[in-house]
Amino acid sequence: LFAVLVALYEEPEKPNSALDFLKHHLGASAPENPELEALRLELAEMKEKYEAVLEENKTLKSKVKVY
């Protein structure tokens with residue numbers, strides 16, 4: 001971290017965002033891991049299923065109230 005901060009200080013042309021500079025030099029902007037992308041897709045699918053189950057639950061609760 002110290003070396004990256006020194007590099008930022010010594011940079012002749014200062015970047016617009018120091019945070020982006022730090023992320024870039026610390027490797028936060030490295031290419032995505034394929035496993036990470038698969039997990040993100042799985043998370044999106046699970047969120048969709050969750051929303052569908054919530055909607056179904058709401059429908060079933062309203063049917064129970066009718067009876």
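## Basis of the description

Helices (H or I, at least four residues) and strands (E, at least two) are taken here as DSSP runs, numbered from the N terminus. This is a predicted model, in which local features need pLDDT of at least 70 and side-chain atom pairs count only at pLDDT 80 or more, while totals for chains, interfaces and linings use all residues. Residues are numbered from 1 along each chain as its sequence is written, and side-chain values use heavy atoms, with hydrogens and water left out.

## Fold and the annotated region

The protein contains 3 helices and 0 strands, giving the pattern α-α-α when read along the sequence. According to the unreviewed UniProt entry, residues 36-63 carry the annotation "coiled-coil region", although such annotations may be inferred rather than shown by experiment. In the model, residues 36-63 are 100% helix and 0% strand, with 41 Å between the end C-alpha atoms.

## Overall dimensions

The C-alpha trace spans about 75 × 25 × 20 Å along its principal axes. The radius of gyration of the protein is 24 Å, whereas a compact globule of 67 residues would have one near 11 Å (taken over C-alpha atoms, the globule rule being 2.2 Å times the number of residues to the power 0.38).

Of the 67 residues, 6% count as buried, where buried means under 20% relative accessible area, exposed over 50% and partly exposed in between, with a 1.4 Å probe and protein chains only. Val6, which lies in helix α1 (residues 2-10), counts as partly exposed because its relative accessibility is 27%. The C-alpha atoms of Val6 and Leu54 are separated by 51 Å, the two residues being 48 residues apart along the chain.
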